[in-house]
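Please open the structure in a viewer and keep the selection tool at hand.

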Amino acid sequence: MSLLPENISETVIGIKRIWQRFYPQIRKQRWLLTAGCLGLIMEVLARLLVPIPLKLIFDYIIVPGDRTLPFTIPLIPETNTLVLLTIFTIGIVGATGLQAAAAYVSSVSMSVASSRIITEIRAQLYAHLQRLSLSFHNQARSGDLITRITGDTGRLKEVSITAAIPLVVNNLTLLGMLGVMFWLNWELTLIALTVFPLFLLTTLKITRRIHGLAKQQRKREGAMAALTAEAMGAIKVVQALSLEGMLEDSFLDQNQKSLQEGVKTQQLSAGLQRTIQILIAIAQALVIWRGVQLVQQQAITAGDLLVFMTYLKTFFKPSQKLAKQTAQISKALASADRVMDLLNTVPDIRDSRGAIEAPAFRGQVSFHRVSFGYRSDHSILNNLNFEAQPGQKVALVGPSGGGKSTLVSLLLRLYDPDEGQIRIDGHDLREYKLESLRRQITIVLQDSILFGVSVRDNISYGLLGASQKEIEAAAHLANAHDFIIRLPQGYDTILGERGATLSGGQRQRIAIARAAIRKAPIVILDEPTVGLDNENERSVSEALDRLTQGCTTFLITHDLRTAISADRILYIEKGEILEQGTHEELMSLASGYATLYRLQSVVDVSSKSGVLY
Ligand code: ADP
């Protein structure tokens with residue numbers, strides 16, 4: 001509709017999109033929402049009723065003339081003015097009471113409904129975020145994501161509670177009043193409306209600017225949260241490199257700009273309110289000027305003029321709020337956009353059409369001409385080919401940055417290869433449902449991440465719903481049971497709390513227990529013993545031996561001594577498998593692997609004999 005001002009139509013489109021996107025959640029609350037709407041309608045009717053008793057008092061009691069009441073009240077003679085007065089005054093309280101009760105019902109039911117809707121959307125957003133692919137998370141800033149979950153969803157609620165509902169009530173009231181006003185006297189109504197176009201124009205112009213500013217401000221808040229999260233996440237590095245000042249400056253800069261935008265928004269809306277105030281005064285003056293003449297000509301009664309004036313005041317009051325509410329809605333719509341953007345981001349790694357539940361794997365893994373790059377213009381892995389038989393141990397060695405971790409990420413299907421195929425038991429990974437694939441692969445990293453929950457929960461995260469027996473068996477396998485039961489609360493000790501700080505080796509053994517409980521046929525170990533002292537290393541290695549028993553194992557390692565016993569060693573450099581075979585085979589090639597091995601032996605011998613070169 002071309003007559004519709006741009007930002008109103010934008011708002012309508014925005015609300016429509018929200019409605020469509022969240023229809024399932026909204027539908028669940030339909031009864032509460034219906035109660036809310038009925039309350040709204042009642043409220044509007046009651047609002048229209050409020051000045052009527054006063055009109056009756058004016059026209060039939062104060063200045064009765066020869067007028068008689070247009071209706072009769074049973075049992076009460078019209079001449080008994082005291083009784084009539086009492087009834088009408090009670091009417092004033094009654095209408096206001098009715099309005100209050102209706103407003104209460106509508107606001108409570110609407111706010112409960114919208115809180116429920118928001119809670120559900122927030123949960124959905126959280127779940128969705130966790131399922132978005134690593135390539136998304138590599139690029140997204142976590143602070144920004146956090147603002148979307150906590151801040152933006154909250155603002156979405158404003159669409160319904162603080163802004164949209166009052167907006168609807170006010171507009172309905174407005175229409176109702178217009179109707180009654182026209183019915184009372186069309187001429188006065190038109191006079192009152194003369195300022196309306198001016199009013200609309202100002203409101204729309206300013207709210208459009210407020211909308212733009214609000215969007216910018218939200219973006220900036222996201223950036224600030226991201227900056228904070230990054231700085232706090234890397235606080236060690238920040239302090240070690242003395243970056244505090246530099247980071248503070250960029251934070252201050254953003255903060256300052258956000259302040260300026262905030263002030264500007266407030267200035268604009270305050271200015272708008274004042275302009276509207278003046279417009280209302282003008283309208284009232286015009287109506288009184290003509291209204292009194294009409295009363296004198298007896299075209300309308302004094303009571304009519306009174307109703308007119310009251311309506312006029314209430315007529316512009318909601319319109320005045322209209323500006324504020326449109327601004328709030330604009331803000332909320334900007335937030336809603338950010339939430340919907342996120343929800344509409346489709347994970348690029350997801351179950352393909354027709355994906356099947358993976359059967360229990362035997363553990364044969366093969367790469368066929370696999371190429372991959374994190375960015376399309378920069379390839380990291382080139383044409384990888386190898387095969388591992390069930391139960392074999394494959395060591396991935398080579399210089400840092402060669403692509404070893406990337407290779408195992410592909411096996412876990414954290415990313416999909418750009419070219420080629422990865423197969424398990426002869427089938428492309430993409431034929432299986434993601435969950436059923438990952439369930440059969442388990443992983444132990446160099447710096448295993450434990451969560452701030454109990455030891456028991458940390459282990460059971462490997463197999464949700466695991467029994468105590470399974471948890472303990474896994475801990476036994478991981479050489480962890482003995483030290484766990486010596487912790488202050490044993491398996492119930494919350495990690496990260498005071499007194500429960502674990503050594504690197506202990507953390508690693510809990511991580512191994514978590515990996516073991518999955519009983520997966522494929523195991524990935526990414527430098528699991530790096531950084532451990534001899535004592536701990538022995539105990540962790542023992543646990544790892546048990547974990548990998550009978551499993552197809554991929555071991556990323558820099559320590560070539562741990563690679564010697566592997567059934568197959570892949571020597572990877574610059575994204576290519578340059579050599580593959582057993583230790584003896586690679587040694588006899590006398591190339592990259594052999595050189596690295598000899599170099600390490602020299603360093604090993606020298607450090608053992610205490611000589612440092
Ligand atoms: P390795 O495990 O052999 O040390 P990686 O697989 O970690 O090697 O890294 C291989 C290359 O990929 C490196 O050049 C690294 O910078 C790059 N890389 C690793 N992870 C990412 C990522 N998430 N986004 C972009 N590039 C990455």
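The model on display is a predicted one.

**First stop: H3 and H5**

Select residues 30-49, which form helix H3, together with residues 81-131, which form helix H5. How far apart are their axes, and at what angle do the helices pack? The axes lie 7 Å apart, and the angle is about 155 degrees. H3 and H5 are therefore roughly antiparallel to each other. The crossing in which H3 passes H5 is left-handed.

Next, display the side chains where the two helices meet. On H3 the contact includes Leu 32, Leu 33, Gly 36, Leu 40, Glu 43 and Arg 47; on H5 it includes Ala 95, Leu 98, Gln 99, Ser 106, Met 110 and Arg 116. Coloured by class, the contact of H3 with H5 shows 16 nonpolar, five polar and three charged residues.

Which of its residues are buried? They are Leu 33, Gly 36, Gly 39, Leu 40, Glu 43, Val 44, Ala 46, Arg 47 and Leu 48. The length of H3 may also be checked: at 1.5 Å a residue, its 20 residues should span 28 Å, and the end C-alpha atoms are 29 Å apart, which agrees.

**Second stop: Ile 90**

Remain on helix H5 and select Ile 90, which lies in it. Is this residue, Ile 90, buried or exposed? Ile 90 counts as exposed because its relative accessibility is 55%, and the cut-off for exposed is over 50%.

Move to Asn 185, in the loop between helix H7 (142-184) and helix H8 (186-193). Asn 185 has a relative accessible area of 12% and is therefore buried. Setting aside neighbours within four places in sequence, Asn 185 is in contact with Leu 294, Ile 300 and Phe 308.

**Last stop: H18 and H19**

Finally, select helix H18 (residues 504-516) and helix H19 (residues 534-548). Their axes are 10 Å apart, at an angle of about 5 degrees, so H18 and H19 are roughly parallel to each other. Among the residues that meet here are Gln 508, Arg 509 and Ile 512 in H18 and Ser 539, Val 540 and Leu 544 in H19. By class, this contact of H18 with H19 has seven nonpolar, four polar and one charged residues.

Terms used. Residues numbered from 1 in each chain as written. Predicted model: local features only at pLDDT ≥ 70, side-chain atom pairs only at ≥ 80, totals over all residues. Heavy atoms only, no water. Axes fitted to C-alpha atoms, helices over the stretch in contact; angles between N-to-C directions. Helix = DSSP H or I, 4+ residues; strand = E, 2+ residues; numbered from the N terminus. Parallel < 35°, antiparallel > 145°, perpendicular 65-115°, else oblique. Left-handed = near helix turned anticlockwise from the far one by under 90°. Contact = heavy atoms within 4.5 Å. Nonpolar A, V, L, I, M, F, W, Y, C, P; charged D, E, K, R; others polar. Expected span 1.5 Å × (residues − 1). Buried < 20%, exposed > 50% of the residue type's maximum accessible area, 1.4 Å probe, protein only.
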